[in-house]
Amino acid sequence: MKKKLAIDNRLTGFSTKKRGWGPIEYLSISNIYKYLFLIVSAVIHIEVAESQVLEKYLEIAVDNNPALQASFKGYQASLEKTNQVSLENPQLNIGVFTRPMELLMGNQRAEASVMQMFPWFGMLKTQKEEATLMAEAKYEEFRQQRNVLLYQVKETYFQLQQLENTIDITDSNLEILKSLERLAIIRYQGGNTADAVSSVTSAVKRPARGGQQGGADDGMGMGGASAGSASSMGQSSRSTSAMSGMGSGSASGKLTDVLRLQVQIKALESDLQQLEVDKRPLLVRFNQLLGRDKNEPVNIQNQLESQKEMGWELAMLEQILETNPMLLMLEKEGLAYQKQGEMAKLEGKPMFGLGVNYMVFSPRPESGMVGSMDGMYYMPAGMGNNMVMPMATLTLPVYRKKYRAMEAESKLYWEANERQKEDLQRNLETEFESILASIKDTDRKIRLLEEQIELTEQTLELSVTAYATEGSSFEEILNIQKELLDFRLNLLNTKIEREIQFARMETLVGF
């Protein structure tokens with residue numbers, strides 16, 4: 001305990017041993033800065049930890065998603081194409097005579113030849129470059145699939161955030177209704193409404209739990225509202241039973257106000273239960289994208305504040321045109337088609353081969369007689385020496401139509417690729433402008449909704465006070481409360497939409 005106190009003293013700059021001073025007396029300006037630095041560092045650490053939750057899930061998805069792994073295996077397979085570029089296999093021919101061929105230099109028994117064909121100069125290099133470019137195009141296709149996966153993970157994560165914050169906002173609205181219910185009961189009883197008005201004001205100003213860190217309370221990593229719903233139902237039933245013994249003649253409020261509130265409370269409690277049910281499909285989809293078991297817990301942070309810096313859009317379009325995976329894939333394919341055109345030209349050149357022929361001879365025995373007149377010519381005995389004969393061969397590509405068609409084919413593919421790339425660039429520019437306009441629109445809506453929420457909260461507080469003191473229309477309070485709920489939900493949906501649009505923008509850029 002003493003050691004821990006000493007460490008705390010060193011961190012804060014406090015000391016209780018020097019000169020007998022207490023902590024406040026010894027606090028200097030430098031120590032104040034140190035103390036503030038520690039507080040700011042702790043806050044930054046919390047915010048970074050919150051932003052790292054989604055990054056962690058993105059890494060898990062990249063490592064475990066089966067479809068993405070299959071795409072990467074396809075890229076690895078395309079890399080092996082570069083190792084398949086080589087010379088043609090040499091040809092080995094072996095022949096054995098069933099009866100020796102009698103020649104002047106001996107009887108030929110067998111022969112063997114080896115021939116190696118060589119393409120025209122530069123052919124192998126061009127083939128390897130074409131295979132490399134196609135593999136690079138395959139990698140860009142893999143990057144595009146990875147970007148789509150990351151977008152799907154982000155979108156599902158934001159939908160879970162939206163659902164959790166919707167539960168918080170609905171629960172906060174439920175608390176407002178319960179406070180209004182207590183106020184209506186007190187007015188119906190003719191009691192003092194000061195505490196009830198204060199309770200309503202506190203419920204209106206209470207921040208939703210969406211501004212706090214999400215937990216893993218329900219076994220799936222998300223804090224639920226089921227316990228709050230059960231508590232609300234219990235309180236509602238108790239309020240109904242309490243009203244059963246009330247009189248109806250001396251009160252200044254209306255029983256219908258209480259009953260209408262209870263109807264809305266029960267409707268909100270049913271909505272909360274349905275929202276809890278709606279979590280399950282999203283959690284299963286999220287885990288499926290991550291390549292995990294569907295029952296794995298998911299930690300959802302409820303913070304919705306965007307960390308994008310101002311002016312980010314100025315260089316974004318240029319970056320998209322430089323790093324978009326689909327654009328780079330078309331660029332690599334276009335270069336590959338150019339290499340195919342070069343290969344077609346080289347295939348129209350002659351191929352040449354070098355080889356050697358080895359002939360096996362055996363000594364020929366002497367036959368016939370010298371000067372014989374009976375028709376038997378004299379054949380002297382042969383030497384029987386084996387022979388080696390170097391060989392060379394050359395192909396003659398005289399049928400040029402085939403090679404001209406191959407060149408025209410690669411050229412047409414390249415021209416089509418150029419048109420596709422031009423069309424994709426325009427589509428990317430159009431989509432960028434559309435997303436940018438949507439983001440700016442959501443920013444404007446967020447500012448408007450925040451102002452509307454603030455004004456509606458003030459209006460609701462004033463209306464509640466007027467109802468408690470003057471007995472003004474309770475219908476107006478319910479309408480204002482409904483508007484407040486709608487504004488809060490619209491603000492949440494708008495913030496989620498902005499984050500989804502940012503995710504779409506990041507998908508266009510590529511990773």
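1. The axes of helix 5 (residues 123-189) and helix 11 (residues 400-470) come within 11 Å and cross at roughly 15 degrees. Helix 5 is therefore roughly parallel to helix 11 (angles under 35 degrees count as roughly parallel, over 145 as roughly antiparallel). Axes are lines fitted to C-alpha atoms, for helices over the stretch in contact, and angles run from 0 to 180 degrees between N-to-C directions. Helices (H or I, at least four residues) and strands (E, at least two) are DSSP runs, numbered from the N terminus.

2. This is a predicted model: local features need pLDDT of at least 70, side-chain atom pairs count only at pLDDT 80 or more, and totals for chains, interfaces and linings use all residues. Residues are numbered from 1 along each chain as its sequence is written, and side-chain values use heavy atoms, with hydrogens and water left out.

3. Helix 5 and helix 11 make a right-handed crossing (the near helix is turned clockwise from the far one by less than a right angle). Helix 5 brings I176, L180, L183, A184 and R187 to the contact, and helix 11 brings L460, V464, Y467 and A468 (contact means heavy atoms within 4.5 Å). Of these residues, 8 are nonpolar, none polar and 1 charged. Here Ala, Val, Leu, Ile, Met, Phe, Trp, Tyr, Cys and Pro count as nonpolar, Asp, Glu, Lys and Arg as charged, and the others, Gly among them, as polar.

4. Helix 6 (residues 194-205) also packs with helix 11, at an angle of about 170 degrees and with the axes 10 Å apart. The two are therefore roughly antiparallel. V197, V200, T201, V204 and K205 of helix 6 meet E457, L460, E461, V464, T465 and A468 of helix 11. This contact divides into 6 nonpolar, 2 polar and 3 charged residues.

5. Four strands form an open sheet in the order 1-2-3-4, with antiparallel pairing (two strands pair if DSSP finds at least two bridges between them). Strand 1 (91-103) and strand 4 stand at the edges with a single partner strand each, so one side of each has no neighbour in the sheet. Neighbouring strands are turned by 20 degrees against each other on average, direction ignored.

6. Strand 1 and strand 2 (residues 106-118) are joined by 9 bridges. M101 has Q108 of strand 2 as its bridge partner. Strand 3 (residues 352-362) and strand 4 are joined by 8 bridges. F352 has L394 of strand 4 as its bridge partner.

7. Strand 4 (residues 387-394) has 8 residues and the number buried is 0, so strand 4 lies largely in the open (buried means under 20% relative accessible area, with a 1.4 Å probe and protein chains only).

How values were computed
Parallel < 35°, antiparallel > 145°, perpendicular 65-115°, else oblique. Buried < 20%, exposed > 50% of the residue type's maximum accessible area, 1.4 Å probe, protein only.
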